[in-house]
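Good morning, and thank you for coming. Please keep the structure in view while I speak.

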Number of protein chains: 2
Amino acid sequence: MTNFTEKTIHSEHIFEGRVIRLQVDDVTLPDGNQSKREIVKHPGAVAIIPKTKDNKIVFVKQYRKPLEKTLIEIPAGKLEDGESPKVTALRELEEETGYTTKQLTYITSFYTSPGFADEIIYLYETSDLKELVEAQSLDEDEFVELVELTLEEAEEKVLTQEIHDAKTAYAILYLRNKGMKE
Amino acid sequence: MTNFTEKTIHSEHIFEGRVIRLQVDDVTLPDGNQSKREIVKHPGAVAIIPKTKDNKIVFVKQYRKPLEKTLIEIPAGKLEDGESPKVTALRELEEETGYTTKQLTYITSFYTSPGFADEIIYLYETSDLKELVEAQSLDEDEFVELVELTLEEAEEKVLTQEIHDAKTAYAILYLRNKGMKE
């Protein structure tokens, strides 16, 4: 195949935040010309599809400031430094839902916005949920509400756009495709 | 439901690029405390699932600088100022694949990274492709290669991670779910 690799000439650091970093790279294009690439660096994240014994999916409802909207999503969260995705997945499941599990199954991973960001999401599922006796605490700036829905109810919320993000849309299609059986 | 809305106290403009803008908002949290939100503003995008008469899907292979990797994705592109998603979808289909169509069907939309970005992708499909007599030109910093694959071949490339982004993973699951019939 043709090699379209872009060589970095210079990388300008623009911003370092708590969640993301921003840099602008000067690159050499395949035709020898130069261009700039705006790049958001993200630590990566996990998302979990938690299914209860009575065949419901556990979602969290939360306000998303970038959209100025409240969305219903599958539980998810950022990787901490050096943390393996599976460890993050269990931690986020416990913190956001109050459930724990001994069986997290890896499904797939995907980049969310390869045009401008390096964020990757590792997706897990579990149908072996147990309520935690002692609730785990959320991050101090995190406020979520649990929502347990059947697959059909979740699909209705895709239509009303209460569910409206890529990882959750993927999760619902994944369950529909599997027939939501274990 | 509980109202978790976060009120903006102050919005600091950090960066304005060709593709994205970055701002940091000081917000009041539901418990009255304050926090900061790092927000990437994006114009929004479209993606298209183009199916040929011999039951193949048209993908584009391109280098993604944020990942330092070449990925195979469904055709996609950013909304221009004031452009409706359907117009963008036809333009991007023509520019990236050399095909045109009279029949673009809207499937769904989703936010790609609601935690830190407002990017939304509008997803379309078409199975009424016609080769353009005169090729449309790509953006001057865009280099793509066409790849036509059956659904089974595409699913293999998910496993090898040549296909590794959310919109394309969703598209493949969508086609699998439909049985890829029209």
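Let me begin with a definition: two strands pair if DSSP finds at least two bridges between them. By that criterion, strand 5 of chain B and strand 12 of chain B are a pair, antiparallel and joined over 6 bridges.

Before I continue, a word on the origin of the coordinates. This is a predicted model. Its scores are ipTM 0.96 and pTM 0.96. For chain A the average pLDDT is 95, and 98% of the residues score at least 70.

I return to chain B. Strands 5 and 6 of chain B form a hairpin, with 4 residues between them. In that turn, B:Glu68 has a positive phi of about 55 degrees.

Taken together, these strands give an open sheet of 3 strands in chain B, in the order 6-5-12 and with antiparallel pairing. Which strands stand at the edges? They are strand 6 and strand 12, the latter covering 144-149; each has a single partner strand, so one side of each is left without a neighbour in the sheet. Neighbouring strands in this sheet are turned against each other by 25 degrees on average, with direction ignored.

Next, chain A. Its domain assignment gives domain 1, at 7-41, and domain 2, made of 45-107 + 125-178.

Let us now look at an open sheet of chain A, in which 3 strands follow the order 1-2-3 with antiparallel pairing. Strands 1 and 3 of chain A are at the edges; each has a single partner strand, so one side of each lacks a neighbour in the sheet. From one strand to the next, the twist averages 20 degrees.

The individual pairings can be followed residue by residue. Strand 1 of chain A, residues 7-16, and strand 2 of chain A, residues 21-28, pair over 8 bridges in the antiparallel sense. Across this pairing, A:Ser11 has A:Asp25 as its bridge partner, and A:His13 stands opposite A:Gln23.

A:Asp25 has A:Arg37 as its bridge partner in strand 3. Strands 2 and 3 of chain A also form a hairpin, here with 5 residues between them. A:Gly32 lies in this turn, with a positive phi of about 95 degrees.

Finally, I come to the contact between the chains. It takes 55 residues from chain B and 55 residues from chain A. Which elements of chain B each supply at least two residues to the side that touches chain A? Among them are strand 1, strand 2, strand 3, strand 9 (105-111) and helix 3 (166-178). Helix 3 of chain B gives the largest share of that side, 8 residues. By class, the side of chain B that touches chain A has 28 nonpolar, 12 polar and 15 charged residues.

How are the two chains related? Chain B is superposed on chain A by a rotation of 180 degrees with 0.0 Å of shift along its axis, at an RMSD of 0.0 Å. That is the relation of a two-fold axis. The same surface serves both copies, since 100% of the contact residues of chain B recur in chain A.

That concludes my presentation. Thank you for your attention.

Notes
Residues numbered from 1 in each chain as written. Chains lettered and ligands numbered in written order. Predicted model: local features only at pLDDT ≥ 70, side-chain atom pairs only at ≥ 80, totals over all residues. pLDDT = per-residue confidence, 0-100. Contact = placed C-beta atoms within 7 Å. Nonpolar A, V, L, I, M, F, W, Y, C, P; charged D, E, K, R; others polar. Least-squares fit on C-alpha atoms with pLDDT ≥ 70 in both. Axes fitted to C-alpha atoms, helices over the stretch in contact; angles between N-to-C directions. Domains from an automatic or database assignment.
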